[in-house]
Amino acid sequence: MTTLRTPSKAVTSFVVASRYMPVFLAIGLLVIVSSIWVPAAIGPVSLSAIAPAGALLAITALGQMLVVMTGGIDLSTPGTLTLAALIMVGVSDQLDDRIGLAMVTAIGVGALIGLVNGVLIGGLKLNPLIVTLAVGQVIAGAVSRYVRSFPVQSAVPTTLSDWADTRYLGVNPVFWIGLAVTVVLILALRYTSVGRRFQVVGANPVSSNVVGIRVTFNQILVYVVAAVLYAVAGVALAALRGNPAVSAGVPYLLGPIAAVVIGGASLAGGLASPLSTLVAAFFLTGLNQMMLALGLPTALQFVVFGLVIIGGMLVSGDRIIKGVERVLRERRGPRGPKAESDIAIESG
Amino acid sequence: MGLLVALALIAAACGPGTTSTTAGVTTTAAPVTTAPPGTTAPPGTTTVAAPLSEYGEDINADPALVAKALGPVTPSEEASWNIVLASISRAHQDLDQATIDKAMECWRNKECDTGSGGDLVMGYADGGGDTVNVWRGVSHMEAILQALTYPEIGTIVSTAANFNQDAAVHTNDIKFLIQRGASFIVGYPDFGIALAPVVSEAEAAGIPYFSFSAGYVGLPGQEGALVPGQDYGGVVGEDLCALGQSFAEVLNTGVGTGKVGMLGGTPGNALTLGWQQCTTAALASGVELVNPPADANTTTGDTYWVNQFALDAVRGLLTSNPEIKGWVYEYSDGLFTALDAYKELDIPVQNITVALRTDEQTLFCDWVDRAEATYNIWYSAGGNFQSRTGVTAAMLKTQGADVPGQIIVPHVMRQVSAADCNPNRVNAVVSGTSLAPDSVLALMFGG
């Protein structure tokens, strides 16, 4: 009989946490580089200025993170966000007393888009990349038609834009919304059965099905929740910008995916951290701000951004985990059959 | 300034034909000339035809409209100026309801039948679009209104790439217009030189391509650039280098000594590249550009003419250079949004000089509201009407007229005053210099 060793709780925690370390190292590096080249970029005023942009990216990235946790991907983010932002303009019709109706409509339409994605992907088992790309195109068509129903570059009600101009504890309210969404997700994923099911379904849908978890329902639900988050970001964007454009969602196609990847999520599904995704969103926003502050040419900005994403992939959570596993295995020496410790590590 | 206004109005009213060097007057040796359509010369008299009249054009544009579109300018060289005047003379402001309805139909739909029974098909290819940018929407409408004055044009087909950052989208739009059988194409090529192959394809198919707003298909001198008038129909727009020098003059005078920031549109577009090159070279030694272009073929401060990106760019530059004392940019409304960066960074909008091309009312009315004596704006003209000039130039070309490859639109820098804010404008983002009648603008933007 083989004696199986169980790793200490500390080792397991270290291994799990190690996948999220690169983003914290990256933001630390960004702070160091900024303090040398553009010290003003890390001052309190500058950070306060980019807080809403970082929060918007974080909210969309958190939605994308939930989808990635199920092993999927969502390319309908820009369309959903744009449509929600424009609904805030079109439905509110610049009237303060219609802001509530506009918000409900925007988020409701977002949920509907998520439901369509979820049914096609979770229910009919279609490829998420193709489905969400196609749904994104359909939304783009709808946006194109919808914007003709009101004057281009129209504004949201002044009460809404005035709210976005306020400061709570010196920071824009959109930042606090982003932070609140992050905290809710952390708590939900860690302490609620629904949240834990998200992770289990993503890590191993077959086993989940065997133990009675409604895999299809969870997959549909995750796309709905993600789309609602995109819509929330769209509402916040409309408030921030006042007169959102049709192109408002363009930066949110690759940005959220990059944040999820750099945040250490497993693209194969399963583990992800809302906190590290939030940090990754702010890292990307800060990096963009630094490049703009340096006045770098657009071409170079694209190159740097692309290299950072590649770097994020190179030190992705999965690779970190494998690296840590390898180191631990070598320290333990060669063994026979797959040990329980390995299983424990893999299921993290 | 008053003298300039008077001279410009006189020049506009009389047209180049009254000057001693104009072709229309000095070619009296010709035994027979063509009278304007619809007129008959008395027997036994020799008639001196007005320039372009043989092609059905009238260069006696309403001086008030010329002044509205351009300000108190000095006319450009004659061949260009005549086409500019001919295009403005068709910019009727008192349209009947049927024309307004038809214009709206054409503006809202990808294709429309003008109802004239004409054989020509006008293709309109915009790298932006009506639904993404007011300036683009107004320029599109001005082109449509101009086309409706030509009974030869029976169909208008419009495409919009909606600022898609993939040049292939705009390229495919132009390919579509070629296949659709356009007789000529008017448009704004946001990607400039990247569109050279498809513009050449259009020209090879016998479809002249005219761009407006200085939308060169590659700035002359750039590697791979097409030569306007030779490789494609032509380009309507300001003398970009002169425009850039005018911007620099504004900054040199207004800033004196200090830092300035420069913004532009789509990376590498010819309009931005053209003026930025000359602004950079003409800045005084005491004026420091915080974001100089990387090289002579690169634009700086790229914003894609999208307000959000303009805000990001200004925020970035202000973060590292809070003491910036001047900005230079084409797009007035983009700067209006970008000024939010001052609020975000707790920097007062003071001691700032701005040099702009367009004149959207949003920024100007915001300037009035701020009532800050040390914040001054200078602008040239929105230039929406240049799409009209593109249509007229294309129509002249289809009739075999000798059209210059570069139709130069004169410019003059004007300081914004309270009179430049019209709070009753149908849409605050519409340029004050647009020649689209208010009755049409009301339908376009009135909700």
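**Figure 1. Strands β9 and β10 of chain B lie side by side in this predicted model.** Strand β9 (residues 326-329) of chain B and strand β10 (residues 352-356) of chain B run parallel and are joined by four bridges. Strands, at least two residues of DSSP state E, and helices, at least four residues of H or I, are DSSP runs numbered from the N terminus. Two strands pair if DSSP finds at least two bridges between them. B:G326 has B:T353 as its bridge partner in β10(B), and B:V328 has B:A355. In a regular strand the side chains alternate between the two faces of the sheet. From β9(B), B:G326 and B:V328 point one way, B:W327 and B:Y329 point the other way, and all are buried. A residue is buried if 20 or more other C-beta atoms, placed from the backbone, lie within 10 Å of its own; it is exposed if the number is 12 or fewer, and partly exposed in between. β9(B) also pairs with β7(B), in the parallel sense, over three bridges; here B:V260 stands opposite B:G326.

The model is predicted: local features need pLDDT of at least 70, side-chain atom pairs count only at pLDDT 80 or more, and totals for chains, interfaces and linings use all residues. Residues are numbered from 1 along each chain as its sequence is written, while chains are lettered from A and ligands numbered from 1 in the order in which they are written.

**Figure 2. A six-stranded open sheet of chain B, with a helix across it.** The strand order is β8-β7-β9-β10-β11-β13, and the pairing is mixed. At the edges are β8 (287-289) and β13 (414-415) of chain B, each of which pairs on one side only. Helix α9 (residues 240-255) of chain B lies across β7 (258-262), β8, β9, β10 and β11 (375-379) of chain B. The direction of α9(B) is at about 170° to that of β10(B). Such angles run from 0 to 180 degrees between N-to-C directions, and the axes are lines fitted to C-alpha atoms, for helices over the stretch in contact. Two residues are in contact if their C-beta atoms, placed from the backbone, lie within 7 Å.

**Figure 3. A seven-stranded open sheet of chain B.** Its strands follow the order β1-β3-β2-β4-β5-β6-β12, with mixed pairing. The edge strands, β1 (111-113) and β12 (406-408) of chain B, each pair on one side only. On average, neighbouring strands of this sheet are turned by 20° against each other, direction ignored. Helix α7 (residues 167-180) of chain B packs on the sheet and touches β2 (120-126), β3 and β4 (184-188) of chain B. The direction of α7(B) makes about 175° with that of β2(B). β1(B) and strand β3 (residues 153-160) of chain B run antiparallel and are joined by three bridges; B:D113 has its bridge partner in B:T155.

**Figure 4. Strand β4 of chain B and the strands that pair with it.** Five of the five residues of β4(B) are buried. B:F184, B:V186 and B:Y188 point one way from the strand, and B:I185 and B:G187 the other way. Five bridges link β4(B) to β2(B), and the two strands run parallel. B:G187 is the bridge partner of B:A125 in that pair. Strand β5 (residues 209-211) of chain B also runs parallel to β4(B), joined to β4(B) by three bridges. In β5(B), B:F210 stands opposite B:V186.

**Figure 5. Helix α4 of chain B is mostly covered.** Helix α4 (residues 78-89) of chain B has twelve residues. From its first C-alpha to its last, α4(B) reaches 16 Å, close to the 16 Å expected at 1.5 Å a residue; the expected span is 1.5 Å times one less than the number of residues. Ten of the twelve residues are buried, among them B:W81, B:N82, B:I83 and B:L85.

**Figure 6. The contact between chain A and chain B.** Chain A gives 25 residues to the contact and chain B gives 32 residues. On the chain A side, α3 (44-69), α13 (274-293) and α14 (298-314) each supply at least two residues. This side has 16 nonpolar, seven polar and two charged residues. Nonpolar here means Ala, Val, Leu, Ile, Met, Phe, Trp, Tyr, Cys and Pro; charged means Asp, Glu, Lys and Arg; the others, Gly among them, count as polar.
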